[in-house]
Amino acid sequence: MSKRSINLVLPLKPEPPLLKKMRLYLPIASGVITFIFVIIFISTLIFLRIRNDQYESMLAQSQLLESQITAQKEEEGLYVLTYRMLGTIEKILSKTTTFSKLTSDISVFNSTPLILTGFSLSSKGDANLTIHADNADALSQLIDILSKADDEKKYANIIASNVIRNEEGLYTVTLTFKPNPDLLK
Amino acid sequence: MKKNSTMLPLFIKYEIALASFIIICFVTILTFAFLIPNVTKMDAIIRENDALATKIERLKNKERILSPIQPEDYKSRYTRTRSILPGVADYVSILNTLNALERKTGAIVSTTDFKIPADSAGASEISDAIQAASSSGTPIWVMIGLSGSYEQLKGFLSALNKLDGRLFNVYQANYSKNDSGNDELKLVTSTYSYKLNTDLGSVDSSLPPFDKGKKSILSAIDTAPVIDKNDDEVSTMSGKTDLFN
């Protein structure tokens, strides 16, 4: 009678590599994820608590300041209205012309031997002057004054026209120029 | 029964992996349910805190500006600015300013007209200029005729806009010597009225400090002499401020 042997151990099926990896890494991943979640969640709670307290204290401070400002309504009204008035006055003054500088500047044409007999000034920047000169030397003096003004960029586009000599030897000159905008103020 | 006997070892083999998977799913649900809303709340509270901090800063600035204000000083300053730039045309104050300038400079105001003739030289140009200027106030035409010496007339122009009376913008100045040798100056000017917006805004609205320009105007107003009126003018002042409306 020959011996018979029976293998009772079932041959092992090889485990798929993915399942093997999952069995190894899933517990680690779940631990790490849970840990991170707990840390972040607690951090957000602490942050919210701190910021909320901060907000409450800031709100109280803001309400206190508001009540203080409300008590100063009269001062605020006077300040705001004065501010607006000054702003408008400032705007108007920046645009206004009075020709005070220009009339001072052209006074030079009103001293012997020159006589300023008339002028017409416009805020557009046109100036027309009528000047009498006693003699030819005075005319030469007038030219010197105009050359200097041109050099100093006070007047531009200077045109002298209608130079008339009357029987008494007086010269009348009509002068047109564009004054420097600064002189119009 | 047979099926259970094959599943059980499999379950035992993978129970830890399965439990880990369930934990991950659970943490994911918790993240969506609690963590993300918390982060959203954090973002909102940061924004609110920042907005509140800005508001407090604004309120502190306002408080800093308002604390030293003496209402009496500002009342007088406001009244002065209102006399320079009244809310209505106030022709009486225009005449008072011209009278004061007369006394100050010695030039004589021979004519005053509150409307510009349509045929005036450059009337359309002037009209355009006035329209452009009207954004900062309502302009009022004033044609002024002056007589006096050249120095007096020059002084009159220099004395305009010294912030002791109404503001004038001179559009045209025509000077001539008449036959009797007297100097005459004709001015086309405008002065202004300004309807002030009296709305103060909310309590936390910002209060801008006076800049250099406004400070210099304020100091000029503080130091400018108040136009003194004689008895006749005082009685005139009690009448209508706008003679034409």
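1. In chain B, 79% of the contacts between residues at least 6 apart in sequence join residues at least 24 apart; two residues are in contact if their C-beta atoms, placed from the backbone, lie within 7 Å. Of the 245 residues of chain B, 24% count as buried, a residue being buried if 20 or more other C-beta atoms lie within 10 Å of its own, exposed if 12 or fewer, and partly exposed in between.

2. This is a predicted model, in which local features need pLDDT of at least 70 and side-chain atom pairs count only at pLDDT 80 or more, while totals for chains, interfaces and linings use all residues. Residues are numbered from 1 along each chain as its sequence is written, and chains are lettered from A and ligands numbered from 1 in the order in which they are written.

3. Chain B has seven helices and four strands, in the order α-α-α-β-α-β-α-β-β-α-α from the N terminus. Helices (H or I, at least four residues) and strands (E, at least two) are DSSP runs, numbered from the N terminus.

4. The contact between the chains takes 66 residues from chain A and 77 residues from chain B. On the chain A side, two or more residues each come from α1 (17–71), α2 (73–95), α3 (100–105) and β1 (114–122), and α1(A) gives the most, with 27 residues.

5. β1(A) also pairs with strand β3 (residues 168–177) of chain B, in the antiparallel sense and over five bridges; strands pair if DSSP finds at least two bridges between them. Within this pairing, A:Gly118 has B:Ser176 as its bridge partner in β3(B).

6. The largest nonpolar core has 58 residues, and A:Ile89, A:Leu129 and A:Ile131 have the most contacts inside it. Such a core is a set of buried Ala, Val, Leu, Ile, Met, Phe, Trp, Tyr and Cys residues joined through C-beta atoms within 7 Å. α2(A) supplies its largest share, seven residues. Neighbours within four places in sequence aside, A:Ile89 is in contact with B:Thr81, B:Ile84, B:Leu85, B:Leu167 and B:Ile217.

7. Helix α4 (residues 136–151) of chain A is hardly covered, with one buried residue among its 16 residues. At 1.5 Å a residue it should span 22 Å, which agrees with the 23 Å between its end C-alpha atoms; the expected span is 1.5 Å times one less than the number of residues. After α4(A) comes A:Lys153, with a positive phi near 60 degrees.

8. Chain A is divided into domain 1 (16–96) and domain 2 (100–184), with bounds from an automatic or database domain assignment. The centres of these two domains, taken over C-alpha atoms, are 68 Å apart.
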